[in-house]
Amino acid sequence: MADNNNTKATKGAISIRNVTKIYDPEGVNVMAVDDCSLEIGAGEVCMIVGPSGCGKTTLLNAIAGFHSITKGEIYLDGEMLCGPSKPLADQGADRIVVFQHGALFPWMTLIDNVAYGPKVQETMTKAEALDKAGHMLAEAGLGDVAGKYPGEVSSGMARRAEIVRALINDPKVLLLDEPYRAMDALTKSIMHESLLEVYDRTKVTIFFITHDLEEAIFLGDRVVVMTTRPAKTKTILDVNIERPRDYHVLSSNQFRVLVEDAKDAVHEEAVKAFEAGERELA
Amino acid sequence: MSEAVQNGGTSNGAHSSGEIKPRKKSKLGKALSSKTFWRGVIALVGFVVFWELCSRTYGWTGIQIPWIGKVPPPTEVIYAWSYVIWLPGYWESWYLSSARVFAGFIVAMVLGIPFGLCLAVNKYFYDIFFPPFEVLRPIPPLAWVPASIVFWPTTEMSITFVTFLGAFYTIVINVLGGARSIDIRYLRAAQSMGATQWDLFSKIILPGTLPSIFTGAAVGMGITWEVVLAGEMISGGGQQGGGGLGFFIWSSYMGGTVAQVIVGMISIGIAGYLSSSLIRYIGSISMPWRRLF
């Protein structure tokens, strides 16, 4: 992957082994994830697609340490995050989540938002954190709006700032939960290019949940199609499109073939989910 | 033409100040030329004229218009006011009522905000303190007047206590609701970035609750004014020579004129408006991010 880049990822390999998650074991017993296994290499962009409510976010929450798992283990760089002896992973700055709809703190300016991580971890002084945050925002093209509140900037800028806020912690893994949902196509493609640019620079492992197949193939090294609930891996598509990528990829034949394949795989699950009374694909 | 060139050639400071000034003017001009502003002015003037005419009808025609016909006309009220403002007791009443309102209100904030936050953050605290709180909350503050006169040594303290109760429950309920409704994603984001419990509290929960705190404060302030006046009327003002605006109204009713009663009423309206403006102002200073909406 990406041989033409001097940075080579050495950290951020996630190993998901036979993970099962059952909600409310005493009550209704909803199985969200069923015996799901997935190996994500260091520095890989792994795109997770599947019907709504299939359990993708459950998996992300387990990695992030927001929810416990019922069975199985998850490892990060060979170290167990969660397993039978410890069902709930510790939350840590090595795995930062970028949430659906964005979760910048509305009461902090962008620069304060970005500087928050290093400040609370006490890895930098306040001045150093602000200085670095300022640099990173400028790098992301947000230098002019660094002093503004999230409510004052566009959703695209806010989302970019949120990724900067994650990156300043030098995480091993970025966990993105449909970050570009409900954005218009034009903003989305700008977001994609900026994320790719960030990736090419940092080679951070990316675990990216989406409904958008074209997004998945444009960004990802692999696209993991999940089954309808309970979630397990149905198909894994390798995306052998060379990096760095730009929007011209979208019109290539290779891209169209991949989208077609992905659609076939997802469609089957979407129909199952629909028939099971689930909400349709967004 | 040459003037323009000369202006452009003058120092930068002069140029920029020349640029800012008309902008300020236009803001004021905008307010003065806005239809909303003039509608408001016309409505107020119209109301006063209507009131004056209705009050005077009896004197002119012998026909009394129900309710409003018995109210002294605005001119008489203003005349009464012009007399009252020279009485030290009137201003002392302003001072006393405001002091009681603010004493009760500040104590309610100081106790209510931490109490509400503890209820929101700690389950044990909630389980123990919320049930008694919920039993005491429906008791109207005024129902506490006789009891508080009994168990506080001075009338002053019992009025302040009742005032405190008026604001306390509202503030606590608002803080509790506000702290609980903070988006869990903010808490998760902060925790995953390594926030300690104190960071979470001071940088996420507290600012996230501020809007509710100010909502609670604004509502609580209104209740405080209601309660302090009633308390003053019932307890007889507590002090000689001007016992607060509530006592002022009461004593005007007993021994003065109706015009003075109305003076007292309008004074309270002004005092309440000033108090809530103050809270709004403090709110907008402490929540700069909310000014955008």
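A:Asp77 counts as partly exposed, because 16 C-beta neighbours lie inside 10 Å; a residue is buried if 20 or more other C-beta atoms lie within 10 Å of its own, exposed if 12 or fewer, and partly exposed in between, with C-beta atoms placed from the backbone. The structure is a predicted model, in which local features need pLDDT of at least 70 and side-chain atom pairs count only at pLDDT 80 or more, while totals for chains, interfaces and linings use all residues. Residues are numbered from 1 along each chain as its sequence is written, and chains are lettered from A and ligands numbered from 1 in the order in which they are written.

A:Asp77 is found in the loop between β4 (71–76) and β5 of chain A. Helices (H or I, at least four residues) and strands (E, at least two) are DSSP runs, numbered from the N terminus. The phi angle of A:Asp77 is near 50°, which is a positive value in a residue other than glycine. A positive phi, near 55°, also occurs at A:Glu122, again a residue other than glycine. A:Glu122 belongs to the loop between α2 and α3 (126–139) of chain A, and it is exposed, with 11 other C-beta atoms within 10 Å. A further backbone feature of chain A is the cis peptide bond from A:Arg243 to A:Pro244, with omega near -5°. A:Pro244 is placed in the loop between β10 (233–238) and α7 (253–275) of chain A.

The strands of chain A may be considered next. Strands of a sheet pair through backbone hydrogen bonds, either parallel or antiparallel. Here, two strands pair if DSSP finds at least two bridges between them. An open sheet is formed by four strands of chain A in the order β2-β1-β4-β5, with antiparallel pairing. At its edges stand β2 (30–40) and β5 (79–82) of chain A; each has a single partner strand, so one side of each is left without a neighbour in the sheet. From one strand to the next, the twist averages 30°. Within this sheet, strand β1 (residues 14–23) of chain A is joined to β2(A) by seven bridges, and the two run antiparallel. A:Ile16 stands opposite A:Leu38 of β2(A).

β3(A) is joined by five bridges to strand β8 (residues 205–210) of chain A, and the two run parallel; A:Ile48 stands opposite A:Ile209 in β8(A). β3(A) also pairs in the parallel sense with strand β9 (residues 222–226) of chain A, over four bridges, and the bridge partner of A:Val49 in β9(A) is A:Val225. Strand β3 (residues 45–49) of chain A has five of its five residues buried, so it is largely enclosed by the rest of the structure. In a regular strand the side chains alternate between the two faces of the sheet. In β3(A) both faces are covered: A:Val45, A:Met47 and A:Val49 are buried on one side, and A:Cys46 and A:Ile48 are buried on the other.

Chain B has twelve helices and zero strands. Of its 293 residues, 32% count as buried. Two residues are in contact if their C-beta atoms, placed from the backbone, lie within 7 Å. Among contacts in chain B between residues at least 6 apart in sequence, 68% join residues at least 24 apart.

One helix pair of chain B illustrates the packing. Two packed helices are described by the angle between their axes and the distance between the axes. Helix α4 (residues 74–84) and helix α12 (residues 258–286) of chain B pack at an angle of about 75°, with their axes 8 Å apart. Axes are lines fitted to C-alpha atoms, for helices over the stretch in contact, and angles run from 0 to 180 degrees between N-to-C directions. α4(B) is therefore roughly perpendicular to α12(B); angles under 35 degrees count as roughly parallel, over 145 as roughly antiparallel, 65 to 115 as roughly perpendicular and the rest as oblique. The residues in this contact include B:Trp81 of α4(B) and B:Ile262 of α12(B).

The contact between the two chains takes 21 residues from chain A and 17 residues from chain B. On the side of chain A that touches chain B, the largest share, four residues, comes from α2(A).

The model scores ipTM 0.83 and pTM 0.76. The mean pLDDT of chain B is 83, and 88% of its residues reach 70 or more; pLDDT is the predictor's confidence in each residue, from 0 to 100.
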